[in-house]
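Colleague: I am new to this structure and would like to learn how to read it, one feature at a time. Could you take me through it slowly?

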Amino acid sequence: MADDGAATFRKPARSYERFMGRYSRALAPGFADFVGARAGLRALDVGCGPGALTAVLVDRLGVDQVVAVDPSESFVEACAAQHPGLAVSAGTAEATGQAAASFDLAAAQLVFHFVGDAAAAAAELRRVVRPGGTVAACVWAEDPGGMEMLDRFWEAAAIADPGHDAVVDLRFGRPGELAAVFGDAGLEHVVEDVLTVSSTYADVAELWDGFLQGIGPAGAYLTSRPAAVQAAIAEQLTTALGRPAGPFTLTAVARAVRATVPGRGRRGRRCVDLLGPEAPERQARLASRVTEADLDPELRLPLAAMPTVPFDVDDLAERRAATLAMFAHLPSPASAVRSTDHVVDADRGVVVRIHRHPDGGAETLPCLFTIHGGGYVTGSRVMDDPMHHALCGPLGVVGASVEYRLAPECPYPGPLEDCYDALAWVVDHADEVGVDPARLGIYGASAGGGLAAALALLVRDRDEFDLRFQVLMCPMLDDRQLTPSSRLDGLPIWNREANEFGWRAYLGARYGADDLAPYAAPARARDLAGLPPAYVAVGGVDGFRDENIDYAMRLNQAGVPCELHVYPGGPHGYQMFLDSAVAVRSGRDLRDWLGRQLAQ
């Protein structure tokens, strides 16, 4: 531990509680959500302190599934007293004293500010977590307004005690610093986020009492100064706070980072279990990597020319622009279809684009409502324009495409609720746009297919209007990635790393949760009865292949007519290769099925 940390950990637990404990307790639930703490996991709380995060973990996982370590004897005693039966012992972030690969997750709340060797601490957290498990940490943000309590204190100290040499830096509190430590430790899928909490004080005296406990750099500095300097700082702090006459609230922002320990882990073992009594032998015979021979010969050359660019939050804007640019360069079919935009919710940016062919005249027509793809993180309604221009006239339908909010800025359930509201808008404005609400079908591809499947479930359960059919093109249905196809290496266009990124962005802290709602990941739905007839299509070299086949099978078993097409050699998004034989065949099959649905 660093010097400031060593001083802190010699203080009584009650002193910590009076200074920082109030913020630790406020932070713990949100950090546990970010980490993904849920029933069935075994967790290590590193640097548990008096037990703020420990209390949340015990509540969610059970006392027998949580282990806590801390270098402070006082903290260990306080944590043990709070949770009878808890395994809590002395240990540091650099040397926890725990067995290798013995936990599903290890979390360090507000610890890395004080570690003496951050690289060793990250390596130790990785060591004690199983492959595929989660390592996470959070620290207070080193930004203006990041930790309001400390900002105000150091501002006051700079005025009352100019020239002091106290260290005011919050180690690893700047963007990317802690994430870099995790990356250097060989951890994968590093994600950084911010968590904001607040604490209300009865008066300035209560705040000042916390500093007098001598905790951390601020407390250590203050208690080393003469009484006159302390009084001057107190006066400046009161002024900076606006001399509140009663209760006041201060905010604090934490930077949270989580990452995955490399390896197949529990998910890989479960995938073997799903294969039956001879699972190990059968798993050995299953392909583990896509090769050129697996792909449709006509698509091999264009696929080889497509670069594989890892998804990252920092380059999402650039990727989104590139996606739209790619669709803008696709040839537009000669069409008389007219497209108009209608605002559903201006604050949320939800828009419906209505597409209508003049041959439809003034009569009411069936509606094909489409949801664009893009892994939940990219895309726009404009991506569906070519399809509507191609289908509205020949099929005699009104097209509708929705602009929904994207993750991670808007995670579940926001995008799904946007789609539902847009669909409800079409029903409510059926006369205005010339739609027969009794002949309404939905279509989605990739993430749009996942949203379409979820929307069908939501429409069934809310029972406010009906759907005639659902089209699910290579739908993104299951966040767990348990199937053999989802775990293939070398998948073109949308690989398993991109898939995990998309799901994590969409589900946030709920990613992988055992009790995830079926509207969030439709493969989780147990009851598929009562859904509209379905059309499911997927390429044979698509990571979604197996989950799509399974969903189509379960729809049929639930009494829902479902037509399934699997196109050998087709990768995810094969429809983009417009002139290829597989895309032409797929388009013909879809038009044939839609024609039959609309004729009923």
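This is a predicted model: local features need pLDDT of at least 70, side-chain atom pairs count only at pLDDT 80 or more; totals for chains, interfaces and linings use all residues.

Colleague: How many helices and strands does the secondary structure of the protein come to?

Modeller: Helices (H or I, at least four residues) and strands (E, at least two) are DSSP runs, numbered from the N terminus. Here there are 21 helices and 15 strands.

Colleague: What share of the residues counts as buried?

Modeller: Buried means under 20% relative accessible area, exposed means over 50%, and partly exposed lies in between, with a 1.4 Å probe and protein chains only. Of the 600 residues of the protein, 54% are buried by that rule.

Colleague: In what order do the strands of the open sheet come?

Modeller: Two strands pair if DSSP finds at least two bridges between them. Eight strands make up this open sheet, in the order β8-β9-β11-β10-β12-β13-β14-β15, and the pairing is mixed. Its edge strands, each pairing on one side only, are β8 (338-345) and β15 (562-571). Strands β14 (residues 534-541) and β15 run parallel and are joined by seven bridges, and valine 538 stands opposite valine 566 in β15.

Colleague: Which residues of α6 are buried?

Modeller: An α-helix has 3.6 residues a turn, so residues three or four places apart point the same way. In α6 the buried residues are Glu148, Met149, Leu150, Phe153, Trp154, Ala156 and Ala157. The length can be checked too, since the expected span of a helix is 1.5 Å times one less than its number of residues. For the 13 residues of helix α6 (residues 148-160) that span should be 18 Å, and the end C-alpha atoms are 18 Å apart, which agrees.

Colleague: How many disulfides does the structure hold?

Modeller: A disulfide is a covalent bond between the sulfur atoms of two cysteines. In the model it is taken as a pair of cysteine sulfur atoms within 2.5 Å, and the structure holds zero disulfides. For cysteine 79, the closest cysteine sulfur is that of cysteine 48, at 4.0 Å, which is too far for a bond. Cysteine 79 is buried, with a relative accessible area of 0%, and cysteine 474 is buried as well, at 3%.

Colleague: Where is proline 408 found?

Modeller: Proline 408 sits in the loop between β11 (398-403) and α16 (414-428), and a cis peptide bond, with omega about 0 degrees, joins it to alanine 407. Proline 413 is also found in the loop between β11 and α16, where a cis peptide bond with omega about 5 degrees joins tyrosine 412 and proline 413.

Colleague: Is tyrosine 376 buried or exposed?

Modeller: Tyrosine 376 counts as buried, at 1% relative accessibility. This residue lies in the loop between β10 (365-371) and α15 (385-395), and its phi is near 70 degrees, a positive value in a residue other than glycine. Alanine 101 likewise has a positive phi, near 55 degrees, but alanine 101 is partly exposed, with a relative accessible area of 41%. Its place is in the loop between β3 (87-90) and β4 (103-109).

Notes
Residues are numbered from 1 along each chain as its sequence is written. Side-chain values use heavy atoms; hydrogens and water are left out.
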